[in-house]
Amino acid sequence: MSLEEEVFSQDRYYYPRPGPGEKIPIQILNFRRVFAAWSPKLKSTLYFEKAPEDPEEEGLKRVREVVLLQVYDWFAGKEGLIQLTGPEFEQFMEVYEAFLHKLGEIQYSRQKKGRKIENIFELRESPYIIREVKKGPFSDKL
């Protein structure tokens with residue numbers, strides 16, 4: 001297997017990185033399970049649909065399965081990627097399911113835990129009340 005066959009794209013992606021205590025509003029575009037590997041030669045992370053058969057021969061390190069979340073960052077005004085581990089994806093799915101039922105805004109932040117940085121998602125509920133539209137003459141509503 002060569003790197004060119006299975007890689008999504010070798011372009012540099014935008015990764016939203018909120019500062020300490022900062023929360024950025026995001027819109028979820030897509031998510032999927034992929035394999036990620038660090039390429040020292042390209043100095044970037046590469047994403048694969050299938051696990052590389054011989055990562056050492058390809059010059060890849062830290063091959064792992066991750067969930068790749070494609071989002072729209074409202075502050076930056078562009079699409080980005082967020083890499084999630086298993087527990088982070090479970091926490092995201094709880095927030096996403098609540099978002100689908102209640103609507104509102106999903107906010108993304110990062111928190112340092114020991115030597116690692118953990119992705120955190122929160123639902124900020126909408127201050128607007130969503131009502132059903134009823135059919136009928138407009139004069140009756142006045």
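Biologist: How many salt bridges does the structure hold?

Modeller: Five. Keep in mind that this is a predicted model, where local features need pLDDT of at least 70, side-chain atom pairs count only at pLDDT 80 or more, and totals for chains, interfaces and linings use all residues. Residues are numbered from 1 along each chain as its sequence is written, and side-chain values use heavy atoms, with hydrogens and water left out.

Biologist: Why is the pair K23 and E122 called a salt bridge?

Modeller: The term asks for a side-chain nitrogen of Lys or Arg within 4 Å of a carboxyl oxygen of Asp or Glu. The closest N and O atoms of K23 and E122 are 2.7 Å apart, so the pair counts.

Biologist: Where in the chain do K23 and E122 sit?

Modeller: K23 is in the loop between α1 (3-6) and β1 (24-39), while E122 is in strand β6 (residues 116-124). They're 99 residues apart, so this pair links distant parts of the chain. Helices (H or I, at least four residues) and strands (E, at least two) are DSSP runs, numbered from the N terminus.

Biologist: What makes K23 partly exposed?

Modeller: Buried means under 20% relative accessible area, exposed over 50%, and partly exposed in between (1.4 Å probe, protein chains only). K23 has 37%, so it's partly exposed. E122, at 30%, is partly exposed too.

Biologist: How do you know that E118 and K113 form a salt bridge?

Modeller: Their closest N and O atoms are 3.5 Å apart, which is within 4 Å, so the pair qualifies.
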